[in-house]
Amino acid sequence: MGWQALSRSAIGTRHQSHHLPCQDAGGYRTIGNLLIGAIADGAGSAPHSALGATLAVESTLNYLDSLEQWLQPGQPQWPTLERAPSLQQAQRLFQRTAHHVRAALQQTAEQNGYGLEELACTLLAVVATPHWLAAMQIGDGFIVTSTAQETYQLLFQPAKGEFANQTTFITSPTAFEDLEVITIDSPPQFICAATDAFERLALHLPQWKPHAPFFNPLTEYLAETLDPETDDEYIVNFLSSDYLNKQTDDDKTLLLCRYVS
Amino acid sequence: MPVGLPEFVQNPENRCPVILLLDTSGSMIGDAIAALNQGVQLFKDNILADAKAALSVEVALVTFGPVKLVQDFTTIDQFTPPTLVADGVTPMGEAIEYALDLLEGRKQVYHTNGIQYYRPWIFLITDGAPTDPWEAAAERIRQGEVDRKFCFFSVAVEGADLKTLSQIAPVERPPVLLHGLDFQSLFVWLSKSMKRVSSGRVGEAVALPPVGWGTVNL
C-alpha cells in the first residue's frame, strides 16, 4: 500500500484580524516507499516570513528529493536499506539540507532586496521508509511518531529561549548548531509534525509528553481514509474550527503520515 | 466519518508578567495621583477586554515611597486597583531593586511550576528625582536589558528630573515625557502593547503601537 500523507495549514485568528497572511507552510512527497516531509513556521516578527516558510519547505523537499546527493556512490538507495543510517550520516544529510535551504533563502532575499532575517522561519523535516525514519528540527513545533515498539514518541523538545515566544530560526546565526537530528531504527507507523500552535494542546508540560487523546483521532482518521489528499474534510474542518481557534490564535499546520504495509 | 476530534491538554497559560512601579511621593498629591489611579483602573479594564491578554497578563504593583508591595503578582481578573495616596520621599533606587527582585522571584515560581512566560515588563512612572542612591539599580536595569531579561520603560510626569531618569533608563529605551497628566492614554497604550506581547509567538521584536501620549527623549 505505501504511504498515506496529508499536509494542511490554516491561518490563525490573530493573523486574520491583523490582515496578515498565514505564515505557516507544510508539504511532503512520496517516492516509492520513501516519504519526505517538511513544515515551517514563519516568525511573526519577520515581515516576509510567509515567503520564507513556503520557500524553506519547498527547497527542503527538492533537496531531499534529489537522493543521489546524499547517497554514498555505489550504495543501494536509502529507502531500500533495512537499517537506519547512522546518526552521523543523518546529521550530515540534514546539515547539508539546512545549508541548502539557507542558501535558497539568501538568494531570494537578495533578489527581493530583503535581509535574510526578514524570511525567518522554523524548519522541521522527516525522511521515512518502511523500516526507519530520520528527522531534523530547528526551532519550535514538534514531530511525534509511533512505531511498533513505542506509541507517540516526541522526537525533539521544542527549542525555546527563556521566553515562551523565543525560538531559533533557520536564518539565525546559531541555526546549524541548534539543528537537532534523530534516527529511529524501527518501522514507523504514524508521523505527526505540527507547528507551535499545537504544542500546548498536544503535549503535557513541563515534561513535553505526547497526549494520546490528541493523536488517537488523527491516527484513526488516517486508518479510515484511503486517500487523505482527496478526503481531507476532517482535517481542514478541524484546523479552522472554533473548537481549535478558542485554544490558539496562531497559524496552524499539521503534516500527518501513516505507513500501510 | 466516525472519528472524534483531537482532545486538548489543559496546560497552564503562558504568562506575561508586568510590574507597575509607581511614584507616590508627596509631590504627586492632587491631580497627579488622581489621574494615576484612574489610569491603573483603565489598564485593568482594557486588558480584561481582550480574552487572550486577560489569560496571560499577571500584574504586580509596587509604590514608593516608602517602597511597598501594594499588589503581588496576580491575574488581571483578580486585580483590584487600589486607591493610591501620595505621601513621602522618592526612594527610587530601592524601589527598582525591589521590583527586580520581585520579578526574579516570580520567574522562579514559573520555573518550579513548568509555566512558560513572555519577556516581563517593568513600567516606572515618576515625577521626581530619587532621594536615595540609584546607581546600583540603574546598573541592574542596563545589564538586564542587555541580557534581554525584561523590558524596562520609564515615564516622566512633567516636571520630573529627566537628567537623572535618563541615567537610570536603559540606553536603548530613554525616558518618555508624559504630556500633562495623560495617564489615561499611557495605560491604554500599555494594555494594547501587552495584548500584542501576550499573543502567541512573535520572535524577538514586538512591534509596539506608536507612543501617542508622550515625548521620547533622546
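Predicted model: local features only at pLDDT ≥ 70, side-chain atom pairs only at ≥ 80, totals over all residues.
Trainee: Which residues of α6(A) are buried, and why do they line one face of the helix?
Mentor: Helix α6 of chain A, residues 212-224, reaches 18 Å from its first C-alpha to its last, close to the 18 Å expected at 1.5 Å a residue. The buried residues in α6(A) are A:F214, A:F215, A:L218, A:Y221 and A:L222. Seen down the helix axis, the buried residues of α6(A) line one face because they fall within an arc of 115 degrees.

Trainee: Which strands stand at the edges of the open sheet in chain A?
Mentor: The open sheet of chain A is formed by 5 strands in the order β1-β12-β9-β6-β7, with antiparallel pairing. Each edge strand has a single partner, so one side of it is left without a neighbour in the sheet, and the strands in that position are β1 (2-10) and β7 of chain A.

Trainee: Which residue in β9(A) is the bridge partner of A:T147?
Mentor: Strand β6 (residues 142-147) and strand β9 (residues 188-194) of chain A pair in the antiparallel sense over 6 bridges. In β9(A), the bridge partner of A:T147 is A:P188.

Terms used
Residues numbered from 1 in each chain as written. Chains lettered and ligands numbered in written order. Helix = DSSP H or I, 4+ residues; strand = E, 2+ residues; numbered from the N terminus. Expected span 1.5 Å × (residues − 1). Buried ≥ 20, exposed ≤ 12 C-beta atoms within 10 Å, placed from the backbone. Arc of directions from axis to C-beta. Pairing = 2+ DSSP bridges.
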